[in-house]
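Work through these exercises with the structure open beside you. Try each task before reading its solution.

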Amino acid sequence: MAYQSAEVVDAMAHDASDPLKELKVDGGMVVNETLMQFQADVLGVDVVRPAVIETTALGAAYAANLAVGFWNSIDDVIANWSEDSRWSPQIEDEERQRLMRNWSKAVTRSFDWVDEDSEQG
């Protein structure tokens, strides 16, 4: 998961004018602190978990509250967000590059993988 996220972030970086400074995460997997540290390591940027990790539902609530006038602007929503935890990279660039090379090699080796038991012939 962390490697796949790193590939997506790398692809986005090629199209963006500003480099990624941090990655804000949400969802059930963010409670895995080992995964969050590894994500920071392979990305080379801080990974930030919010106080409320299920932000899809929270986003719907924010939109509804904006629609009915509970909040006046998106600035009110932004002010309501708070950080719970942060992980900073703990590995050197050379190690990060080695890990990503090995990931890429593993993905390449999986191409055209065929289950020999299911082959017809």
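**Exercise 1. Find the angle at which H1 and H5 pack, and classify it.**

Step 1. This is a predicted model. In it, the axes of H1 and H5 are 11 Å apart. The packing angle is about 100 degrees.

Step 2. Angles of 65 to 115 degrees count as roughly perpendicular. H1 and H5 are therefore roughly perpendicular to each other.

Step 3. Now list the residues. H1 contributes Tyr3, Gln4, Ala6 and Glu7. H5 contributes Leu99, Met100 and Trp103.

Step 4. Sort them by class. Five are nonpolar, one is polar and one is charged.

**Exercise 2. Describe how H2 and H5 cross, and name the residues in contact.**

Step 1. Locate the helices. H2 covers residues 33–43, and H5 covers residues 93–109.

Step 2. Read the geometry. The two axes come within 8 Å and cross at roughly 100 degrees. H2 and H5 are therefore roughly perpendicular to each other.

Step 3. Name the partners. From H2 come Phe38, Asp41, Val42 and Leu43. From H5 come Arg96, Leu99 and Met100.

Step 4. Sort by class. This contact has five nonpolar residues, two charged residues and no polar ones.

**Exercise 3. Decide whether H2 is mostly covered, and say what its buried residues pack against.**

Step 1. Count. Eight of the eleven residues of H2 are buried, and the helix is mostly covered.

Step 2. Name them. The buried residues are Leu35, Met36, Gln37, Gln39, Ala40, Asp41, Val42 and Leu43.

Step 3. Find their surroundings. They pack against helices H1 (2–15) and H5. They also pack against strands S1 (22–24), S2 (46–50) and S3 (83–87).

Step 4. Check the ends. At the N-terminal end, Asn32 caps H2. A side-chain oxygen of Asn32 lies 3.1 Å from the backbone nitrogen of Thr34. Just after H2, Gly44 has a positive phi of about 80 degrees.

Step 5. Check the confidence. Among the elements of the chain, H2 has the highest mean pLDDT, 98. Helix H3 (residues 55–67) has the lowest, 89. For the chain, the mean is 92, and 95% of residues reach 70 or more.

**Exercise 4. Find the side chains that make polar contacts with the side chain of Asp46.**

Step 1. Asp46 lies in strand S2.

Step 2. Read the distances. The side chains of Asp46 and Arg86 are joined by a polar contact of 3.0 Å. The side chain of Ser88 makes another with Asp46, at 2.8 Å.

Step 3. Widen the view to contacts in general. Not counting residues up to four places away in sequence, Asp46 touches Lys21, Glu22, Leu23, Arg86, Trp87, Ser88 and Pro89.

Definitions and conventions. Residues are numbered from 1 along each chain as its sequence is written. Side-chain values use heavy atoms; hydrogens and water are left out. Axes are lines fitted to C-alpha atoms, for helices over the stretch in contact, and angles run from 0 to 180 degrees between N-to-C directions. Helices (H or I, at least four residues) and strands (E, at least two) are DSSP runs, numbered from the N terminus. Angles under 35 degrees count as roughly parallel, over 145 as roughly antiparallel, 65 to 115 as roughly perpendicular and the rest as oblique. Contact means heavy atoms within 4.5 Å. Ala, Val, Leu, Ile, Met, Phe, Trp, Tyr, Cys and Pro count as nonpolar, Asp, Glu, Lys and Arg as charged, and the others, Gly among them, as polar. pLDDT is the predictor's confidence in each residue, from 0 to 100. Buried means under 20% relative accessible area, exposed over 50%, partly exposed in between (1.4 Å probe, protein chains only). A polar contact is a pair of N or O atoms within 3.5 Å; within protein, one must be able to donate a hydrogen and the other to accept it, and residues adjacent in sequence count only if both atoms are side-chain atoms.
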